[in-house]
Amino acid sequence: MKTYVYRGIIRMFNSKTVGRFIHKLSRSSLSRRLIPLYVKLFEIPTGELNKPLKDFTSLEEFFIRELKEGARPVKGLEEEIVSPVDASVEQFGEVQDKMIQVKGISYSIQDLLRNQEMITRYRNGLFLVLYLSPSDYHRIHSPAQAVVEKQFDLGGKSSPVNKWGLTMGESPISTNYRIITELKLEEGMYMALIKVGAMWVNTIEWTHPHSRLRKGEEVGFFSFGSTVVLLFENGKVKFQPDLKTQRSVKAGEPLAVKSKG
């Protein structure tokens, strides 16, 4: 019953008109007055900001804020793959013959990717889902030294990707607007970096000007709450043991290590 009520409410309010209004409001100079309240409400640390709070001209500018140089250093060993974002670790595990389980909901990577070559590549590999809350830093960084092999977008209107959305929504990970980036790492292995938009303002910006990426460098940003899905080929990586107990990660912190041989 809760699921049907939740989905009904989302359908009622999830319109382009509402989205345009929120987007316009967040970009307005009036919205800057909301920034101190936003900081207090979500307990956002301001010491790592690259400029004083008073210098942000809108709520959106604060939301996609940049940090001081060195605030998100790349940690771990050279062979480790790091988190592309600050986020909660929502789910990780094996892709079971094209299916992944997230909060009790099964998702088909066929629906998620819609690219037969990629579907075949990741059908029995590993997956990891990272959720960015409104309090998180929303810049995206490269998880490894890699080359962008392909990049394309799918989906249109989006629904929430928070805990309620993942448990009661209508498959938001595989239906929301998303940008799919496939990376080829130096060792010849592949991984997919899938950026999933959120309800109303589901803007995802890829800002990196070149196809060759350095591990840890910024490649884009989200506007408002979002989710990242990572897919790995079968037998190519092993997740860090700490993921079983980790509730959250920062951009640049190790997630997995490349398998030898």
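This is a predicted model: local features need pLDDT of at least 70, side-chain atom pairs count only at pLDDT 80 or more; totals for chains, interfaces and linings use all residues.
Local features were considered at pLDDT of at least 70 and side-chain atom pairs only at pLDDT 80 or more, whereas totals for chains, interfaces and linings use all residues. Side-chain values rest on heavy atoms, with hydrogens and water left out, and residues are numbered from 1 along each chain as its sequence is written.

The protein contains eight helices and 16 strands, assigned as DSSP runs (helices, H or I, at least four residues; strands, E, at least two). Of its 261 residues, 51% are buried, where buried denotes under 20% relative accessible area, exposed over 50%, and partly exposed the range in between (1.4 Å probe, protein chains only). Among contacts (heavy atoms within 4.5 Å) with a separation of 6 or more, 74% involve residues 24 or more positions apart.

In total, 15 salt bridges were counted, each defined by a side-chain nitrogen of Lys or Arg within 4 Å of a carboxyl oxygen of Asp or Glu. In one of them, Lys51 pairs with Glu61, with the closest N and O atoms 2.5 Å apart; Lys51 lies in the loop between α3 (35-42) and α4 (59-63), and Glu61, ten residues away, in helix α4. Lys51 is partly exposed at 28% relative accessibility, and Glu61 is partly exposed at 22%.

Within helix α6 (residues 116-122), Glu117 and Arg121 are separated by about one helical turn because they stand four residues apart, and their side chains form a salt bridge at 3.2 Å, N to O. Glu117 is partly exposed at 49% relative accessibility, whereas Arg121 is buried at 19%.
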